[in-house]
Amino acid sequence: MITKEILQDFCTSHVKNRISRIEKDINLVQESLASETKSSAGDKHETGRAMLQLEREKLGEQLKDAEKMALILSRISVRYKANTIVLGSWVKTSKSDYFLAVSAGEFKAEDQTIYCISGGTPIGQLLLGKSIGDVIAYKDEKIRIVEIL
């Protein structure tokens, strides 16, 4: 049986894997920068270093975002059952099921697909604060909230 705890674990695993991958990429860039320092001087050398620096900065931003996602997940209580949609809610709609936490993609099990989304996504923003029976309009489609778990 799928539970909100299982969905939260799925999201946590997704975020941990993402952080691990980014950290590995940062280490590779660091190693490349170190070996680039030992390289010959000149324009080609400077261009290579600049590109590696930009890559390291980009990866640093991705790591910050992933760490924010981990922090959000750590603050979500899936034991709490709200009458309105909050972070940590599993929402069943006339269209799809959504777990509001972080953007972690599709969770598939027991012939069910649940979309793990953040509150910052367009549909997440529309769902937050809504109640059972409410209808949201998303991409020219009316979606009814059937159940909040």
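Reader: Hi! Quick one to start: is Leu-87 buried, partly exposed or exposed?

Author: Hello! This is a predicted model, and in it Leu-87 counts as partly exposed because its relative accessibility is 35%. Buried would need under 20%, and exposed would need over 50%.

Reader: Thanks. Where is Leu-87 found?

Author: Leu-87 sits in a loop, the one between helix H2 (43-75) and strand S1 (90-93).

Reader: Let me step back a bit. What does the secondary structure of the protein come to?

Author: There are 3 helices and 6 strands. Along the sequence they follow the pattern α-α-β-β-β-β-α-β-β.

Reader: Why is the protein described as more spread out than a compact globule?

Author: The radius of gyration is 21 Å, while the globule rule gives 15 Å for 149 residues, so the protein is more spread out than a compact globule. The C-alpha trace spans about 65 × 35 × 30 Å along its principal axes.

Reader: What share of the residues count as buried?

Author: Of the 149 residues, 34% count as buried.

Reader: On to the sheet. In what order do the strands come?

Author: The order is S3-S4-S2-S1-S6-S5, in an open sheet of 6 strands with mixed pairing. At the edges are strand S3 (105-109) and strand S5 (135-138), and each of these pairs on one side only. On average, neighbouring strands of the sheet are turned by 35 degrees against each other, direction ignored.

Reader: Remind me, how do strands of a sheet pair?

Author: They pair through backbone hydrogen bonds, either parallel or antiparallel.

Reader: Which residues of S5 are on the covered face, and which on the uncovered one?

Author: Ile-136 and Tyr-138 make up the covered face of S5, whereas Val-135 and Ala-137 make up the uncovered face.

Reader: How many residues lie between S5 and S6 in the hairpin?

Author: There are 2 residues between them, and Lys-139 in the turn has a positive phi of about 50 degrees. Lys-139 is not a glycine. As for the surface, Lys-139 counts as exposed because its relative accessibility is 67%.

Reader: Where does Glu-110 lie, and is it buried or exposed?

Author: Glu-110 lies in the loop between S3 and strand S4 (112-118). With a relative accessibility of 53%, Glu-110 counts as exposed, since the cut-off for that is over 50%.

Reader: New topic, charges! How many salt bridges does a search of the whole structure find?

Author: The search finds 5 salt bridges. One of them joins Glu-55 and Lys-58, at 3.5 Å from N to O.

Reader: Where do Glu-55 and Lys-58 lie?

Author: Both are in helix H2, 3 residues apart, which is about one turn of the helix. Glu-55 counts as partly exposed, at 30% relative accessibility, and so does Lys-58, at 44%.

Reader: Which residue forms a salt bridge with Lys-64?

Author: That is Glu-61, and the closest N and O atoms are 3.2 Å apart. Lys-64 and Glu-61 are separated by about one helical turn because they are 3 residues apart in helix H2. Lys-64 is partly exposed at 46%, and Glu-61 is partly exposed at 44%.

Reader: Last one: which residue meets Lys-108 in a salt bridge?

Author: Lys-108 meets Glu-106, with 3.3 Å from N to O. Lys-108 is exposed, with a relative accessible area of 58%, while Glu-106 is partly exposed, with 39%.

Reader: Great, thanks for the tour!

How values were computed:
Residues numbered from 1 in each chain as written. Predicted model: local features only at pLDDT ≥ 70, side-chain atom pairs only at ≥ 80, totals over all residues. Heavy atoms only, no water. Helix = DSSP H or I, 4+ residues; strand = E, 2+ residues; numbered from the N terminus. Buried < 20%, exposed > 50% of the residue type's maximum accessible area, 1.4 Å probe, protein only. Pairing = 2+ DSSP bridges. Axes fitted to C-alpha atoms, helices over the stretch in contact; angles between N-to-C directions. Rg over C-alpha atoms; globule rule 2.2 N^0.38 Å. Salt bridge = Lys/Arg side-chain N within 4 Å of Asp/Glu carboxyl O.
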